[in-house]
Amino acid sequence: MNRMARAGFRIALLQLKVGADKAQNIENALAKIRSAVADKGARVVALPECFNSPYGTQHFPAYAEEIPSGETSRSLAAIAKELGIYLIGGTIPEKCRTDSKLYNTCTVWSPEGSLLATY
């Protein structure tokens, strides 16, 4: 049995208010992640769907980015590493670099800041 399983852990499920400013949406998410870890002791944090953009596929073209090189992915990787947490990155509009299609993609980040999975 690993140490985390024996000691238990806290998971934070965040809800966020988003607006039209992508950078502000990302900063708000980072602040809420920091608070969940510092104030509540969360070791796993999960963000909501479309946390970096207004909700709706009509917004995807303006907010889409490549994963893991985009602004949101870089921010999530950095904070997961900084705080040593597992981070479930809700969903963001993804622009696929191989076919240029848009997807609503969830990312999962390790405590080392590595991308573990996408869905």
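**Reading strands, crossovers and surface in a predicted model**

Mentor: Leu13 sits in strand β1 (residues 10-13). Helices (H or I, at least four residues) and strands (E, at least two) are DSSP runs, numbered from the N terminus. This is a predicted model: local features need pLDDT of at least 70, side-chain atom pairs count only at pLDDT 80 or more, and totals for chains, interfaces and linings use all residues. Residues are numbered from 1 along each chain as its sequence is written, and side-chain values use heavy atoms, with hydrogens and water left out.

Trainee: Is Leu13 buried or exposed, and why?

Mentor: Start with the cut-offs. Buried means under 20% relative accessible area, exposed over 50%, partly exposed in between (1.4 Å probe, protein chains only). Leu13 counts as exposed because its relative accessibility is 68%.

Trainee: In which sense do β1 and β2 pair?

Mentor: Two strands pair if DSSP finds at least two bridges between them. β1 and β2 are parallel, with four bridges. Leu13 faces Ala46 in β2. The chain goes from β1 through α2 to β2, a right-handed β-α-β crossover. Right-handed means that, with the strands pointing away from the viewer, the path from the first strand over the helix to the second runs clockwise.

Trainee: How many residues of β2 are buried?

Mentor: Four of the five residues in β2 (residues 42-46) are buried. β2 also runs parallel to β3 (residues 86-88), over three bridges. There, Val44 has Tyr86 as its bridge partner.

Trainee: Where is Ala23 found?

Mentor: Ala23 belongs to helix α2 (residues 22-40). Ala23 counts as partly exposed because its relative accessibility is 36%.

Trainee: In which sense do β6 and β7 pair?

Mentor: β6 (residues 107-109) and β7 (residues 115-118) are antiparallel, with three bridges. Thr107 is opposite Thr118 in β7. Five residues lie between the strands of this hairpin, and Gly113 takes a positive phi near 85°.
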